[in-house]
Amino acid sequence: MKGMVIKMNMVIEIKNLNHHFGDNKVLKDINLNITEGEIFGLLGPSGAGKTTLINILTGQLQASGGNCNIMGISPTDMTGEHYKQIGIMMDNFGLYERMSCYDNLKFYQMLDNNENINIELVLENINLLAAKKTPVMNLSKGMKNRLAFARAILRTPKVLFLDEPTSGLDPKTVEAIHEMILAEKKRGTTVFLTTHNMYEAEKLCDNIALLNKGKIVEYGAPQDICRRYNHQKKINIHLKNGRDITLEHNKECGVQIQTYFSNDEIETIHSTEPNLETIFMELTGRRFEA
Amino acid sequence: MTYHIKAILWKQLKDTLKNKAILIQFIMFPLMTIIMEKSISLPDMPEHFFGNLFAVMYIGMASLTSAAAIISEEKEKNTLRVLQMCNVHAAEFLIGNAAYIISICMLGSLVIGCSTGYTGITLLKFLLVMLVGHICSFLLGAAIGTAVKNQMSATSITVPLMIVLAFLPMLSMFNETIKKFSKFVFSEQLFVFMNDLSEICITFESGIIMACNAVLILVIFLIAYQRGFKISK
Ligand SMILES: Nc1ncnc2c1ncn2[C@@H]1O[C@H](COP(=O)(O)OP(=O)(O)OP(=O)(O)O)[C@@H](O)[C@H]1O
Ligand SMILES: [Mg+2]
């Protein structure tokens with residue numbers, strides 16, 4: 001199975017990647033393959049090494065050991081033409097604070113020597129047209145986030161790196177950014193995002209990796225991972241008379257549930273599937289949100 | 001890659017003209033020269049006294065602090081990384097900034113020169129001396145901005161350096177001991193040239209001093225440049 005996957009269009013390949021800052025081993029033997037058009041999520045608590053991995057993949061940092069390739073080329077060998085196919089939104093934005101939203105995008109466009117972009121339209125798409133002339137320092141965090149996102153996709157990249165694109169935002173802005181990420185996927189963009197929000201990972205990502213202290217402790221599609229760790233297989237029933245019942249997930253429970261149903265006694269019923277957070281707890285004894 | 005340099009120049013115009021701290025650096029000394037030259041004249045004051053004094057301070061302050069502030073801010077706010085990911089090379093970045101800062105400082109120098117009363121060939125000589133000064137001072141400022149991580153540490157290095165470059169020439173007029181040391185600083189040498197623009201004669205000693213200064217500044221600059229810009233490759 002794995003051998004087959006590698007034959008597909010690999011956009012990001014990471015092999016035995018290691019990184020340390022002095023004595024601090026931040027990434028340990030990372031192996032990952034990300035195919036074209038997928039949304040990949042790197043999920044882990046603060047300090048796990050997520051930003052470090054993005055920095056290495058985008059050529060901002062040279063790894064201490066191992067290999068990685070973006071569209072077949074090592075980040076350390078990337079030139080202008082390669083960079084033009086990559087969009088990056090870092091956790092600290094890197095916007096010019098005194099310049100307006102419009103000027104920030106305009107400058108980026110000038111750097112790419114790409115005059116065919118309608119900046120007003122881009123601003124309208126991210127709902128910032130009204131703030132066109134507002135200096136970035138007067139924007140809210142959510143607005144800065146959207147602007148940084150817009151800048152990352154301005155050059156219509158093939159690969160998009162998003163470092164915690166929604167951390168610390170209100171639900172409405174989070175929703176807006178999720179829509180924009182899904183729209184990018186529709187366009188065929190490969191997305192590499194980091195998050196410590198498991199709901200975000202479950203909702204958006206085709207594949208995720210759980211990163212703990214620089215090590216990947218689990219990898220796969222979110223639903224697959226959850227199913228894999230569903231050892232308990234229990235069913236919780238809340239009856240109308242207020243009683244709570246937990247049933248083992250086996251042949252016999254069917255009969256029992258049938259009875260409850262026919263007597264119209266059931267208020268709610270659900271199976272206990274672990275979520276990514278409980279799985280991460282099981283694997284590491286830690287939580288995502290520190 | 002001329003469009004990178006063009007873009008950086010455009011950005012500086014948009015950005016720095018809203019940055020009051022830097023704007024003041026550019027305008028303060030030309031403005032003070034106009035005011036002082038027009039309003040104050042003391043008996044037995046050397047000719048072009050205020051003009052030359054402010055000119056040398058302008059060299060020691062404006063290009064030095066603005067270069068250090070602009071570059072260290074790009075590092076602090078992580079915009080430098082964005083530039084690097086647009087494949088802007090360190091050289092393009094520095095040329096863009098140098099072109100911007102030195103042009104503005106030369107405009108300021110022109111104002112200083114004219115309001116001091118220099119005309120014709122003398123004005124040209126004055127501007128030439130100023131250009132040399134601004135280039136040296138820019139390179140030092142750029143080295144500082146490149147070497148440090150944020151604006152705070154940039155300021156903590158530029159301030160003492162600025163005092164040496166901008167004030168030593170003035171202090172040395174009043175104190176012979178200071179003069180013995182200050183002559184090794186390029187701004188003092190330039191000050192000496194300015195005070196006798198009609199016949200700039202470069203003595204052997206000042207030639208050596210200027211050459212040593214130039215070499216030293218270039219070495220400092222290149223070391224900082226290599227260390228500060230090695231982020232990725
Ligand atoms: N430039 C650096 N120098 C030294 N250590 C660093 C540097 N950058 C990161 N680290 C260390 O590497 C580890 C991982 O940091 P990283 O920023 O990759 O974590 P993260 O998963 O992105 O966390 P967060 O969710 O808080 O953004 C941390 O222990 C951090 O202290
Ligand atoms: Mg991070």
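A polar side-chain atom of A:K50 sits 2.8 Å from an oxygen atom of ligand 1. The model is predicted, and this report starts from that ligand before turning to the two protein chains.

**Ligand 1**

A:S46 also faces the ligand, with a polar side-chain atom 2.5 Å from an oxygen atom of ligand 1. At A:A48 the backbone takes part instead: one of its N or O atoms is 3.2 Å from an oxygen atom of the ligand. On its own, ligand 1 has 640 Å² of accessible area, and the protein covers 59% of this.

The shell around ligand 1 holds 13 residues, of which A:S46, A:K50, A:T51, A:T52 and A:E164 come nearest. By type, the shell residues divide into 7 polar, 4 nonpolar and 2 charged. Two elements of chain A, strand 2 (24–35) and helix 2 (50–57), each supply at least two residues of this shell. Helix 2 of chain A gives the largest share, with 3 residues.

**Chain A as a whole**

Chain A has 290 residues, and 49% of them count as buried. Its secondary structure consists of 11 helices and 12 strands. Along the principal axes, the C-alpha atoms fill a box of roughly 70 × 45 × 35 Å. The accessible surface of the chain is about 14,100 Å², and carbon and sulfur atoms hold 48% of that area. Among contacts in chain A with a separation of 6 or more, 66% are between residues 24 or more positions apart.

A:E218 is part of strand 9 (residues 215–220) of chain A. Is this residue buried or exposed? The relative accessibility of A:E218 is 11%, so the residue counts as buried, the cut-off for buried being under 20%. The side chain of A:E218 makes a polar contact of 2.6 Å with the side chain of A:R228. Beyond its neighbours within four places in sequence, A:E218 is in contact with A:I208, A:A209, A:L210, A:I225, A:R228, A:Y229 and A:L283. A:L283 lies 65 residues from A:E218 along the chain, yet the two C-alpha atoms are separated by 8.6 Å.

**Two loop residues with positive phi**

A:T156 and A:K213 are residues other than glycine with positive phi. A:T156 is placed in the loop between helix 6 (141–153) and strand 6 (159–163) of chain A. A:K213 is in the loop between strand 8 (207–212) and strand 9 of chain A, and strand 9 is also the strand that holds A:E218. The cut-off for exposed is over 50% relative accessible area; A:T156 therefore counts as exposed at 52%, and A:K213 therefore counts as exposed at 51%.

| Residue | Phi | Relative accessibility |
|---|---|---|
| A:T156 | near 35 degrees | 52% |
| A:K213 | about 45 degrees | 51% |

**Chain B: two buried polar residues**

B:S172 belongs to helix 7 (residues 151–174) of chain B. With 2% relative accessibility, B:S172 counts as buried. Its side chain is joined to that of B:E188 by a polar contact of 3.0 Å. Leaving out residues up to four places away in sequence, B:S172 touches B:I178, B:K179, B:S182 and B:E188.

B:N213 is found in helix 10 (residues 204–228) of chain B. Its relative accessible area is 10%, so B:N213 is buried. Which residues does B:N213 touch, not counting those up to four places away in sequence? They are B:F184, B:V185 and B:F186. With B:F184 there is also a polar approach: a polar atom of the B:N213 side chain lies 2.9 Å from the backbone oxygen of B:F184.

**Chain B: helix 5**

Helix 5 of chain B runs over residues 90–116 and has 27 residues. From its first C-alpha to its last it reaches 38 Å, close to the 39 Å expected at 1.5 Å a residue. B:G117 follows helix 5, and its phi is positive, near 105 degrees.

How values were computed: Residues are numbered from 1 along each chain as its sequence is written. Chains are lettered from A and ligands numbered from 1 in the order in which they are written. This is a predicted model: local features need pLDDT of at least 70, side-chain atom pairs count only at pLDDT 80 or more; totals for chains, interfaces and linings use all residues. Side-chain values use heavy atoms; hydrogens and water are left out. A residue is near a molecule or strand if one of its heavy atoms lies within 4 Å of it. A polar contact is a pair of N or O atoms within 3.5 Å; within protein, one must be able to donate a hydrogen and the other to accept it, and residues adjacent in sequence count only if both atoms are side-chain atoms. Accessible areas come from the Shrake-Rupley method with a 1.4 Å probe; for residues, only the protein chains shown count as cover. Helices (H or I, at least four residues) and strands (E, at least two) are DSSP runs, numbered from the N terminus. Ala, Val, Leu, Ile, Met, Phe, Trp, Tyr, Cys and Pro count as nonpolar, Asp, Glu, Lys and Arg as charged, and the others, Gly among them, as polar. The expected span of a helix is 1.5 Å times one less than its number of residues. Buried means under 20% relative accessible area, exposed over 50%, partly exposed in between (1.4 Å probe, protein chains only). Contact means heavy atoms within 4.5 Å.
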